[in-house]
Amino acid sequence: MNPPFFSYCPHCATPLERVPVGGKVRPRCPVCGYVQYLNPTVGVAVVVLKGKKILLGKRAPNVSYGGTWCIPCGHLEWEEEVREAAIREFEEETGLKVKIAGIVAVHSNFHNPQQHTVGIWFSGEVMKGKPQPGDDLVEVGYFPLDNLPQPLAFPTDRRVLEEVKVRLGKGERIAH
Ligand SMILES: [Zn+2]
């Protein structure tokens, strides 16, 4: 699939040309000089454990990857602090207010060719609330790490879940 290049300059609406800039072909505006650099955005997810179970959410049928399961997650907004984004997204999707305890994993996500992201999986401790699906989710629950619901939405979630299971099996902490 083609990268999500613009056809027109977002500043002056001139058709963009494709020229080498900094070693890669990129859209550039011949009038104002704007260059479109494709940069990944930041995704945040929160790993909440109860013993050897993890909280997962089922995605609503009308959102991307509908009907699949994921570690509750979302996108960092402009001007938003990264841990606050994780807390906000988790509360919107699960009804649970968490405290961020540490970082479980950081990975690049390439599964969506139109939107590459860098995912940060935090660990969270529930401070208050009862699990209640909201926003993009229709179901939330705790599932044993060795018997996860399928299908999972994201390959990097699968990798993180495997890593968490192995660490817990060795009696290690899951966050640093
Ligand atoms: Zn322009």
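In which loop does P151 lie? In this predicted model, P151 is found in the loop between strand 10 (137-144) and helix 2 (155-169), where helices (H or I, at least four residues) and strands (E, at least two) are DSSP runs numbered from the N terminus. The peptide bond that leads from Q150 into P151 is cis, with omega near -10°. Residues are numbered from 1 along each chain as its sequence is written, and side-chain values use heavy atoms, with hydrogens and water left out. Because the model is predicted, local features need pLDDT of at least 70 and side-chain atom pairs count only at pLDDT 80 or more, whereas totals for chains, interfaces and linings use all residues.

The protein contains two helices and ten strands, arranged along the sequence in the pattern β-β-β-β-β-β-β-α-β-β-β-α. The C-alpha trace spans about 60 × 30 × 30 Å along its principal axes. Of the 176 residues, 41% count as buried; here buried means under 20% relative accessible area, exposed means over 50%, and partly exposed lies in between (1.4 Å probe, protein chains only). Among contacts with a separation of 6 or more, 59% come from residues 24 or more positions apart, a contact being defined by heavy atoms within 4.5 Å.

For four tetrahedral donors the ideal angle at a metal is 109.5 degrees.

Strand 1 and strand 2 pair in the antiparallel sense over five bridges; two strands are taken to pair if DSSP finds at least two bridges between them. Within this arrangement, E17 stands opposite R28 in strand 2. The hairpin formed by the two strands has two residues between them, and G22 takes a positive phi near 60° there. Strand 2 also includes R26, which is buried yet has no salt bridge, the nearest side chain of opposite charge being that of E17, 13 Å away. For this assignment Lys and Arg count as positive and Asp and Glu as negative, while His and the chain ends are not counted. With neighbours within four places in sequence left aside, R26 is in contact with E17, R18, V19, V21, V35, Q36 and Y37.

Positive phi values also occur in residues other than glycine. E79 has a phi of about 70° and is placed in the loop between strand 7 (73-75) and helix 1 (82-94). The residue is exposed, with a relative accessible area of 78%. D135 has a phi near 55° and is placed in the loop between strand 9 (117-128) and strand 10.

Nine salt bridges were counted, each defined by a side-chain nitrogen of Lys or Arg within 4 Å of a carboxyl oxygen of Asp or Glu. One of them joins R83 to E81, with the closest N and O atoms 3.9 Å apart; R83 is partly exposed at 38% relative accessibility, as is E81 at 35%. R88 forms a salt bridge with E89 at 3.1 Å between the closest N and O atoms, and the side chains of E92 and R88 meet in another at 3.3 Å, N to O. E92 and R88 both lie in helix 1, four residues apart, about one turn of the helix. Relative accessibility is 22% for R88, which counts as partly exposed, and 36% for E92, also partly exposed, whereas E89 is buried at 8%. A network of salt bridges links E80, R88, E89 and E92.
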